[in-house]
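This briefing goes through one protein chain by topic. Look at the sequence and the 3D view before reading the points below.

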Amino acid sequence: MDLSNSSSTLSLGFSQLPDDSASLQRDRKQPIPLQLLEPRARSPENNGAAAAENGEDEDDSDVEEFRILGHCIKRRRESEPASSSASSCKRIPIAAADVEERRAAIRSWGNESISEADPDLFEIMEREKNRQAKGIELIASENFVCKAVMEALGSHLTNKYSEGLPGERYYGGNQYIDEIETLCQERALAAFDLDSENWGVNVQPYSCTSANFEVYTGLLLPGDRIMGLDTPSGGNTSHGCYMPDGRKVSGASIFFESLPYKVNPQTGYIDFDKLEERAMDFHPKILICGGSSYPREWDYGRFRQIADKCGAVLMCDMAQVSGLVAAKECASPFDYCDIVTSTTHKSLRGPRGGIIFYRKGAKPRKRGTPPPQGNEIEYYNFEEKINFAVFPSLQGGPHNNHISALAIALKQACDRRHG
Ligand SMILES: Cc1ncc(COP(=O)(O)O)c(C=O)c1O
């Protein structure tokens, strides 16, 4: 999107500096050179604004106050039009009464609740609230979030664009968004007792299906092989799924080659011997454990052995059990897996979304091998690939209202465990 060469007289209010730094590059330490087009030359208008900013005295009769979304905004009344050389916008004279009417309309638009702004939608939402409160929900993958999480979801944080990661964003004005995302990352690691030397986390995925696809996109080429639990055995479609007639269902099976492993129909447990045999023939690049409806402990150690034997990265999608893992009520995939994904809205009881944890730092030494010397040390290389797959490959701006709500849920997960 190049805003600088627009031939239209319409403007989004930003222009780029001559060097085209908005092209997507990973190594950006410089602030993004976006500028306000608003003329900063001293016009009667912005003289007044500057004076107000500097706390200088000004004629009160020239200053008007109005409220938008609960904020009090002071502005100098319009008098003379701004100098035409400073602004290319033509002003169309509007009758004072019209202006007042428009202001009143904007004020009331900004402050209306749903019941006033959209009574039809409000009425349906009320019926759904009633249904949730009065019915009995027996869907294991759903949960009810607390008021604080809902407040964060419905907050002003939805207004901000912040493509990129903390400290390297494409838009200005992200100092507080950076703080929120960093806090969320720290809490995500703390909730699962992870050390930031060895684990990194991306809290931006819009859902767990997106998170899984982002892992595949970062680590694989189209057509590369993955292996996950068969859907009828309790697996999830996002791990690669075919219909009985062979039709490919999810992006995971459309863009990658997937071969499922299954449970033993007699015992209901994963048939590890068959899984190993298939994995040694198929050689998946990613072996996926975790599923939607496998009501057993996952034997992560056994998965690790098979992944090592066939040379696969071991990934766990702990969506259903992540709250139980945080509470230490079931085995942790972090002890054995290279990458762990999850939903954030099931047992973790946060807002609807996804999360990706990845190993980083030096790889552990394989048993029985001598200690590596200097440049023989091998390092994980997931961080950059996964972050790049999330943005810019598959997502745009992170949902900051979601990230702040997730930070609350993760704090609660830590507090419940330690409290
Ligand atoms: C294991 C697993 N992964 C992924 C998903 C999909 O999550 P989302 O709805 O966030 O895409 C589910 C949903 O039930 C799941 O059980």
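Two residues are in contact when heavy atoms of theirs lie within 4.5 Å. By that rule Ile226 touches Tyr216, Leu220, His239, Gly240, Ala252, Glu257, Ser258, Leu259, Phe282, Pro284, Ile286 and Ile288, leaving aside residues up to four places away in sequence. The model is predicted, so local features need pLDDT of at least 70 and side-chain atom pairs count only at pLDDT 80 or more, while totals for chains, interfaces and linings use all residues. Residues are numbered from 1 along each chain as its sequence is written, and side-chain values use heavy atoms, with hydrogens and water left out.

**The chain as a whole**

- The protein chain has 13 helices and 13 strands. Helices (H or I, at least four residues) and strands (E, at least two) are DSSP runs, numbered from the N terminus.
- Of the 419 residues in the protein chain, 37% are buried. Buried means under 20% relative accessible area, exposed means over 50%, and partly exposed is in between, with a 1.4 Å probe and protein chains only.
- About 25,200 Å² is the accessible surface of the protein chain, and carbon and sulfur atoms account for 52% of that surface. Accessible areas come from the Shrake-Rupley method with a 1.4 Å probe; for residues, only the protein chains shown count as cover.
- Take the contacts between residues at least 6 apart in sequence: 64% of them join residues at least 24 apart.

- Ile226 belongs to strand β8, which covers residues 225-227.
- Is Ile226 buried or exposed? Ile226 counts as buried because its relative accessibility is 0%.
- Ile226 and Ile286 are separated by 60 residues in sequence, yet their C-alpha atoms are 4.9 Å apart in space.

**Helices α7 and α12**

- Two packed helices are described by the angle between their axes and the distance between the axes.
- Helix α7 (residues 208-219) packs against helix α12 (residues 382-394) at an angle of about 115°, and the axes are 8 Å apart. Axes are lines fitted to C-alpha atoms, for helices over the stretch in contact, and angles run from 0 to 180 degrees between N-to-C directions.
- The α7 and α12 crossing is right-handed. A crossing is right-handed if the near helix is turned clockwise from the far one by less than a right angle, and left-handed if anticlockwise.
- On the α7 side, the contact is made by Phe213, Glu214, Thr217, Gly218 and Leu219; on the α12 side, by Phe382, Lys385, Ile386, Ala389, Val390 and Leu394.
- Seven of the residues in this contact are nonpolar, two are polar and two are charged. Here Ala, Val, Leu, Ile, Met, Phe, Trp, Tyr, Cys and Pro count as nonpolar, Asp, Glu, Lys and Arg as charged, and the others, Gly among them, as polar.

**Salt bridges**

- How many salt bridges does a search of the whole structure find? The search finds 17. A salt bridge is a side-chain nitrogen of Lys or Arg within 4 Å of a carboxyl oxygen of Asp or Glu.
- One of them joins the side chains of Asp178 and Arg169, at 2.7 Å from N to O. Asp178 and Arg169 are both buried.
- Another joins Asp308 and Arg304, at 3.0 Å from N to O. Both residues lie in helix α10 (residues 300-310), four residues apart, about one turn of the helix. Asp308 is partly exposed, with a relative accessible area of 48%, whereas Arg304 is buried at 17%.
- Lys411 and Asp415 form a salt bridge at 2.9 Å from N to O. They both lie in helix α13 (residues 400-418), four residues apart, about one turn of the helix. Lys411 is partly exposed at 40% relative accessible area, and Asp415 is partly exposed at 39%.

**Backbone details**

- Most residues other than glycine have a negative phi, and most peptide bonds are trans.
- The peptide bond from Phe391 to Pro392 is cis, with omega near 10°. Pro392 is in helix α12.
- Lys328 has a positive phi, near 60°. Lys328 is in the loop between α11 (322-326) and β12 (339-343), and is exposed, with a relative accessible area of 53%.
- Arg349 also has a positive phi, near 60°. Arg349 is in the loop between β12 and β13 (354-359), and is partly exposed, with a relative accessible area of 33%.
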